[in-house]
Amino acid sequence: MEMSNIQVYKKNLKTQEITLNMGPQHPSTHGVYRCILTLDGEYVTHLENVMGYLHRGMEKLAEDRTYTQFIPYTDRLDYLAAALNNIGYVQTVEKLMDIEVPERAEYIRVIVGELQRIASHLVYVGSYALDVNGFTGWMYAFRDRERILDLFEMITGSRMTLSFPRIGGVSHDITDEFVEGLEKFIEDFPACLDEFDGLVTGNEIFQARTKGVGVLDVETAINYGISGPNLRASGYEFDLRKHDPYGIYDRFEFDIPTGENGDSFDRFIVRMEEMRQSLRIIKQALRDIPDGPIQAKVPKVIKPKAGEVYHQIEGAKGWLGYYLVSDGSTKPYRLHIHGPSFVNLGVFPEIAKGGNIQDAVVILASIDIVLGEVDR
Amino acid sequence: MERLFLNLGEGIQQWLASLGLGATAVSLIMVAIKVAAILGFVLLNVLYLVYLERKISAYIQQRLGPNRVGPRGLLQTTMDVIKLISKEDIIPQAADRKVFRLAAIVVFIPAVMLYAVIPFGKDMIAIDLNIGVFYFIAVSSTTTIAFLMAGWGSNNKYSLLGGMRTVAQMVSYEIPLVFSILGVIMLTGSLKMSDIIAAQKDVWFIVLQPIAFLIFFIAGTAELNRAPFDLPEGEQELIAGATTEYSGMRWAIFFLAEYSNLVAMSALAVTLFLGGPSGPWAPSWIWFVIKVYIMIYLFMWVRWTFPRIRVDHLMHTNWKFLLPLSLANILVTGIGIKIFEWFS
């Protein structure tokens with residue numbers, strides 16, 4: 001039988017897959033991360049994560065620092081959500097030592113923690129927009145984030161590396177100036193989110209780029225240990241703040257936004273909605289905050305009894321867990337950090353396969369990683 | 001005022017003739033002067049277009065933009081160019097040296113050649129070819145080869161992917177671009193720039209051919225490799241696409257060509273759809289500049305608001321949307337012309 005033109009063409013056409021090294025210096029790897037792409041034309045057939053460029057040995061460092069001294073180190077984990085890392089760590093130590101935190105301090109932690117979540121999500125939506133070449137979206141998100149950082153500066157003196165919680169409380173009380181600024185922010189922020197929706201979320205090209213891209217179903221997500229907004233985007237309603245409340249989160253009323261398809265667009269939408277919910281929590285916290293001390297009576301030298309504890313909070317990117325082992329001395333015997341970014345990155349090769357390079361960039365942006373937390 | 005540049009040209013010509021030079025020598029020198037004038041126009045425009053782009057993007061993004069060097073940052077781009085000229089000329093070891101170096105020249109030549117047929121004002125056109133529009137399209141499409149050369153010559157995978165994307169994109173978007181122009185050509189019955197302008201004396205073709213203008217604008221954006229069609233550069237995926245390995249002045253030439261093409265494309269849009277260099281009160285060349293800058297602003301506005309399209313959607317938009325639409329436009333225009341002839 002004679003072959004048709006196309007068959008002859010295909011038979012004679014030799015194609016070859018190429019290996020493309022994306023990173024560690026690349027505009028959209030969100031830090032020093034590298035992945036080895038195997039490409040068939042523009043399509044990704046295989047993807048391999050390479051990480052560790054930012055490894056600083058945080059867990060080992062903890063073994064040589066006192067419990068209090070390690071707080072500033074947690075700032076450098078997920079540097080976009082320092083407050084949440086701080087809170088998670090001090091709560092772990094408090095759990096180990098059975099310390100009761102004063103009410104006011106708890107409320108301050110909630111306010112700052114939720115503000116931090118908004119700030120982190122703003123970087124997420126901003127850099128997401130940037131990764132589809134919407135540079136204007138990035139600038140708008142950063143404009144709003146800047147206001148949150150200014151608020152942080154008012155109470156902690158620092159914009160990003162806050163280190164403001166202490167074991168048994170917080171280091172600074174909130175001031176009138178802060179409350180005023182926060183109220184103004186709460187008033188303005190919904191309009192900013194709507195503006196962002198108009199600029200990025202509603203854009204036809206943006207939706208075409210993200211819908212149906214990098215679909216992560218619930219089963220795969222759970223198998224890979226995905227948590228937080230990424231899991232919720234897949235349609236599984238689970239939020240530690242609601243289902244296993246820590247601190248005083250059981251007192252607040254808020255919804256858990258979930259996605260339907262688990263694609264990149266849902267992951268984006270979930271975070272947009274979460275910012276609105278965080279705002280609700282902040283409003284309630286600001287309304288209910290009682291007067292009182294901000295620091296519990298704790299021993300001068302933090303020396304927990306021998307034992308071990310695991311504590312996890314709902315971080316900005318998923319479950320942020322600390323596993324702490326004490327041998328009765330002033331330093332942790334062992335500290336293990338469960339970083340959500342690391343877990344989220346694990347599923348990246350799985351869901352990026354089959355798409356083209358542009359999809360891979362969108363998916364990497366959508367799973368929200370911070371290399372400081374991936375490599376620790 | 002209207003004939004300022006024309007009188008200037010004639011003055012120079014008479015002065016040259018009075019020096020006792022032969023007619024051939026005078027016309028040769030006049031050509032050189034015209035080329036220099038066009039180059040000056042292009043380079044000055046590009047220099048301030050970069051500044052304009054940065055300012056416009058800054059205002060869209062609620063920033064200030066360059067404001068340190070010179071008054072209101074006006075000297076910023078000049079300083080940038082000086083920096084670029086003084087940079088080391090790097091050619092990667094693995095690159096195909098000849099192709100790599102040639103690409104930077106090949107990309108710039110058509111960018112300047114385009115201006116030969118652009119009417120800067122009334123009677124201010126270097127050569128009023130009777131196939132002016134055809135010449136423009138033909139020359140502008142040769143830019144493709146330069147990108148392919150740069151992509152291949154760099155011997156870099158990102159560059160190669162960028163080069164391939166450029167070819168795919170520019171070759172396919174050329175078709176709706178030409179078809180959209182065809183509507184205008186049908187109305188005028190001439191490919192000559194001056195005829196097209198003359199035909200728009202009463203009504204601009206943007207009114208008669210709104211769909212053609214839309215297609216022209218979209219396809220033009222793609223031809224210029226500007227967002228949302230800037231896939232050949234695709235910063236987030238391909239670093240800088242075909243120009244990844246270029247640095248210093250060689251890179252600047254690519255940049256220059258890009259902006260030069262932007263001006264040329266805007267000028268073509270003005271000529272075809274916005275009545276060319278004509279308008280009340282002010283001299284025609286001032287109107288030309290104003291209209292061109294309105295077009296450029298449109299291109300920039302789109303660039304700073306839209307995200308980048310995906311490579312397969314790019315092809316879909318072209319073959320499944322723009323091409324049928326442009327064909328339909330030609331059909332409707334043809335029927336319209338017949339009906340018009342019938343009644344008049």
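This is a predicted model: local features need pLDDT of at least 70, side-chain atom pairs count only at pLDDT 80 or more; totals for chains, interfaces and linings use all residues.
How are α5(A) and α15(A) oriented to each other, roughly parallel or roughly antiparallel?

Residues are numbered from 1 along each chain as written, and chains are lettered from A and ligands numbered from 1 in written order.

The axes of α5(A) and α15(A) come within 9 Å and cross at roughly 175 degrees, the axes being lines fitted to C-alpha atoms over the stretch in contact, with angles from 0 to 180 degrees between N-to-C directions. The two helices are therefore roughly antiparallel, a term for angles over 145 degrees. S127(A), Y128(A) and D131(A) of α5(A) meet V361(A), V362(A), A365(A) and S366(A) of α15(A).

## Where the chains meet

In all, 24 residues of chain A are in contact with 21 residues of chain B, contact meaning C-beta atoms, placed from the backbone, within 7 Å. On the side of chain A that touches chain B, β1 (18-22), α5 (103-131), α6 (135-156), α8 (204-210) and α15 (357-366) each supply at least two residues.

## Helix α2 of chain B

At 1.5 Å a residue, the 38 residues of α2(B) (residues 23-60) should span 56 Å, and the end C-alpha atoms are 54 Å apart, which agrees; the expected span is 1.5 Å times one less than the number of residues.

Among the residues of α2(B) that are buried are V42(B), V46(B) and L49(B), each having 20 or more other C-beta atoms within 10 Å of its own, with C-beta atoms placed from the backbone. Just after α2(B), Q62(B) takes a positive phi of about 60 degrees.

Conventions: Two residues are in contact if their C-beta atoms, placed from the backbone, lie within 7 Å. Helices (H or I, at least four residues) and strands (E, at least two) are DSSP runs, numbered from the N terminus. A residue is buried if 20 or more other C-beta atoms lie within 10 Å of its own, exposed if 12 or fewer, and partly exposed in between; C-beta atoms are placed from the backbone. Angles under 35 degrees count as roughly parallel, over 145 as roughly antiparallel, 65 to 115 as roughly perpendicular and the rest as oblique.
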